[in-house]
Amino acid sequence: MFDNLTNRLSKIMQTMRGEARLTESNTKDMLREVRMALIEADVALPVVRDFIERVKSKAMGQEVATSLNPGQALVGVVHKELTALMGGDLGEFAAELSLATQPPAVILMAGLQGAGKTTTTGKLAKLLSTGQLKQQGRKINPKKVLVVSADVYRPAAIEQLKTVAAQVGVDFFPSDPNQKPQDIALSALDHAKRHFYDVLIVDTAGRLGIDEAMMKEIAELHQLLKPIETLFVVDAMQGQDAVNVAKAFSEALPLTGVVLTKLDGDARGGAALSVRYITGKPLKFIGVSEKIDGLEPFHPERMAQRVLGMGDIVSLVEQVQSNIDMAEAEKMAKKIKSGDRFDLNDFLEQLQQVKKMGSMSSLLEKLPGQFAQAAAQLKEGEAEKQLRRTEGIIRSMTPLERRKPEIINGKRKQRIAKGSGVPVQEVNRLLKQFDQMQGMMKQFKKGGMGKLMRGMNALRGMGGMGGFGGFGKRR
């Protein structure tokens, strides 16, 4: 996401950081480049104009002019204004879900057909039921969640939500296409109250376009349910249309926030920068992949850092902590430090841990600089595909071969290749990478951090992720 914008803006920011002195000329050049980058990213023109004016007035201000490093001060201004544009000016907790009400807290999902409402309902239910969200800056306890579909128009909409609910492990309230949406909603609310659910998420019907009947129906549902959160789900790939649709919904409903889906498929990202400005509502979540865990809370400041090529280490750490088995990681660290042999069984365990963390591109793009660029070069699903191939190669080895890879000769390689359905060259490449990883582990044991970092830098040339199976282009 934001690939083109990030590439353009990070280059501009790098150039400006080196400026010892700001002049009207170089500031004007920088603002022109930023304007072009935003327009190419499909950001709405009123948003571009306002943003440039705000940066310009601050750039010409006393604080930047008298700074010891005006170039860096100007980058700080751009970062601050970009954060504000994405909702940083709405308050520290504006992008968090509000659940401070008498249970069940009702969340109403609104949006057009095809925007991803049903999938987002399931993803949000998972975040709530597993306790992965924060409220007032603190993690909330796992919630007892019930989901219901009031979409009686789209074929199989109810069955789709039932399937998604089963996947994420939350309760589903059954409904029927012959029922009225209002009756479904009231029955689900009554059930949620009687069975002590903490949260009820109501998935509503969408249309191919905005129409009066649709708006009337969802307004009635809102009046009946009195939801604490009314989230508008919009497809980022709609670009300017996403902004227009969001505006129409915000005028018809008292929205509390926006969920922007399919950001992983939109390299421009203009909708994310425009929709908050146009609606005045905070972006609360972004859809970063089709996977059931591909929904992330939106943090304006962190996203601004990512757009400017600074990375988002805080989100990366949170993602790792919520998905990695810390006890296993600690056990592996002790093993390496003690000098115990690191074998292919250990390597396989590490691959399993990596798979739990979500898509590789979403991990990489949270890192600054070259790592984020490596994410942009990864084709959708290519890293995950390579992970599966690597896992297949290791699983085609005997227990002895995993413990002692050095015994794998030509004949064994052919058998392993045949068993995993890959060319012999891929087996050779994996063994070579593993050899290099073992060398890195030895350096770690000896405390040679400098050598270890150089080794990791060399491995990065294999496609951006070092020893994890050689992601990227095949040689």
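How far apart do the end C-alpha atoms of residues 282–295 lie, and what share of the span is helix and what share strand? I looked up this span before the rest of the model.

**Entry: model and conventions.** I worked on a predicted model, in which local features need pLDDT of at least 70 and side-chain atom pairs count only at pLDDT 80 or more, while totals for chains, interfaces and linings use all residues. Residues are numbered from 1 along each chain as its sequence is written, and side-chain values use heavy atoms, with hydrogens and water left out.

**Entry: residues 282–295.** I found the end C-alpha atoms 16 Å apart, with the span at 0% helix and 43% strand. Helices (H or I, at least four residues) and strands (E, at least two) are DSSP runs, numbered from the N terminus. An unreviewed UniProt entry annotates residues 282–295 as "domain: SRP54-type proteins GTP-binding". I note that UniProt positions are given in the numbering used here, that feature names are shortened, and that annotations may be inferred rather than shown by experiment.

**Entry: salt bridges.** I took a salt bridge as a side-chain nitrogen of Lys or Arg within 4 Å of a carboxyl oxygen of Asp or Glu. By this rule I count nine salt bridges.

Within the annotated span I looked up Lys 284, whose side chain meets that of Glu 229 in a salt bridge (2.9 Å, N to O). Lys 284 lies in strand β9 (residues 283–287) and Glu 229 in strand β7, so the pair ties together parts 55 residues apart in sequence. Lys 284 is buried at 4% relative accessible area, and Glu 229 is buried at 1%.

I then examined Arg 54 and Glu 81, whose side chains form a salt bridge (2.8 Å, N to O). This pair links helix α3 to helix α5 across 27 residues. Arg 54 is partly exposed at 31%, whereas Glu 81 is buried at 4%. Asp 50 joins Arg 54 and Glu 81 in a network of salt bridges.

I also recorded a salt bridge between Arg 412 and Glu 401 (2.7 Å, N to O). Arg 412 sits in helix α20 (residues 410–420) and Glu 401 in helix α19 (residues 399–403), eleven residues apart. Arg 412 is partly exposed at 28%, while Glu 401 is buried at 0%.

**Entry: nonpolar core.** A nonpolar core is a set of buried Ala, Val, Leu, Ile, Met, Phe, Trp, Tyr and Cys residues joined through side-chain atoms within 4.5 Å. In the largest one, of 62 residues, I list Phe 51, Leu 200, Val 202, Phe 232, Phe 249 and Leu 260 as touching the most other members. Helix α3 (residues 45–59) gives the most to this core, with six residues. Domain 1 (1–91 + 311–318) and domain 2 (105–298) both contribute residues, so the core lies between them. The domain bounds come from an automatic or database domain assignment.

**Entry: backbone and loops.** I noted a cis peptide bond between Pro 103 and Pro 104, with omega about 0°. Pro 104 is in the loop between α5 (70–85) and β1 (105–110).

In the loop between α8 and β6 I found Phe 196, which has a positive phi near 55° without being glycine. Phe 196 is exposed at 69% relative accessibility. Tyr 197, in the loop between α8 (181–194) and β6 (199–203), is buried at 7%.

Note on methods. Buried means under 20% relative accessible area, exposed over 50%, partly exposed in between (1.4 Å probe, protein chains only).
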